[in-house]
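Let's walk through a protein model together, one piece at a time. Keep the sequence and the 3D view side by side as you read.

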Amino acid sequence: MTLRPATGEDLAAIMTLERTSFPTDAWSEAMMREELASPHSWYVVDEEAGRLVGYAGLRAVAGARDADVQTIAIAEVSRGRGRGRAMLRALLEEAARRGVTDVFLEVRADNPVARALYVSEGFAEIGRKPRYYQPDDVDAVVMKLDLRGWARRDADGGVCT
């Protein structure tokens with residue numbers, strides 16, 4: 001597993017994985033290009049043998065105390081090996097470097113694996129957005145993480161202080 005910051009040169013590979021991972025509601029190439037170029041975004045890619053097998057993105061506006069996990073996607077053949085957790089932690093570490101205190105995300109209500117990952121890292125459900133994911137009519141579970149608590153827990157080897 002090799003994590004590195006994403007660049008504009010990763011766009012084609014990211015879009016291939018985006019369309020495969022989110023067939024009904026994939027972002028457009030223009031939207032992803034803007035995300036990769038924005039000073040408020042930070043994306044990381046995961047490579048294996050020179051091939052992109054995952055990407056994840058954070059949106060943290062300069063000076064803001066909150067941030068959003070925009071997306072995490074992993075190629076199906078590469079799932080279940082800790083890649084999602086590694087990318088999520090990289091996003092949270094970047095958020096901490098930017099002075100963020102709270103991190104938010106939306107996750108599909110029908111994705112128990114992703115929800116379990118977020119809960120295991122300290123995210124808590126704070127609400128729902130009915131029928132958020134279209135055209136599938138799937139609710140979004142809104143989650144929040146106190147980044148200071150996460151950083152303390154991480155520094156203590158996974159034990160909250």
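**A walk through the fold**

Setting aside neighbours within four places in sequence, S21 is in contact with A73, I74 and R79, where contact means heavy atoms within 4.5 Å. You will find S21 in helix 1 (residues 11-21); helices (H or I, at least four residues) and strands (E, at least two) are DSSP runs, numbered from the N terminus. The C-alpha atoms of S21 and A75 are separated by 7.3 Å, although these residues are 54 residues apart along the chain.

Before going further, a word on what you are looking at: this is a predicted model, in which local features need pLDDT of at least 70 and side-chain atom pairs count only at pLDDT 80 or more, while totals for chains, interfaces and linings use all residues. Residues are numbered from 1 along each chain as its sequence is written, and side-chain values use heavy atoms, with hydrogens and water left out.

Seven strands form an open sheet in the order 1-2-3-4-5-7-6, with mixed pairing; two strands pair if DSSP finds at least two bridges between them. Strand 1 (2-5) and strand 6 (124-133) are the edge strands, each pairing on one side only. From one strand to the next, the twist averages 25°. Strand 1 and strand 2 run antiparallel and are joined by four bridges; T2, for instance, has E47 in strand 2 as its bridge partner.

Helices pack on this sheet too. Helix 3 touches strand 1, strand 2, strand 3, strand 4, strand 5 and strand 7, and its direction makes about 160° with that of strand 4. Helix 4 touches strand 4, strand 5, strand 6 and strand 7, and its direction makes about 160° with that of strand 5. For such angles, axes are lines fitted to C-alpha atoms, for helices over the stretch in contact, and angles run from 0 to 180 degrees between N-to-C directions.

What about the interior? A nonpolar core is a set of buried Ala, Val, Leu, Ile, Met, Phe, Trp, Tyr and Cys residues joined through side-chain atoms within 4.5 Å. Buried means under 20% relative accessible area, exposed over 50%, and partly exposed in between (1.4 Å probe, protein chains only). The largest nonpolar core has 28 residues, of which I72, V103, Y118 and F123 touch the most other members. Helix 3 gives the most to this core, with six residues. A second, separate core of 14 residues includes I14, M15, L17 and L36.

Next, look at helix 1 and helix 2 (residues 29-37), whose axes come within 10 Å and cross at roughly 125°. That angle makes helix 1 oblique to helix 2, because angles under 35 degrees count as roughly parallel, over 145 as roughly antiparallel, 65 to 115 as roughly perpendicular and the rest as oblique. The contact is made by L11, I14, M15, E18 and R19 of helix 1 and E29, M32, R33 and L36 of helix 2.

Finally, some backbone details. Most residues other than glycine have a negative phi, and most peptide bonds are trans. A49, in the loop between strand 2 and strand 3, has a positive phi near 55°, and A49 is exposed, with a relative accessible area of 85%. The peptide bond from Q134 to P135 is cis, with omega near 10°; P135 sits in the loop between strand 6 and strand 7.
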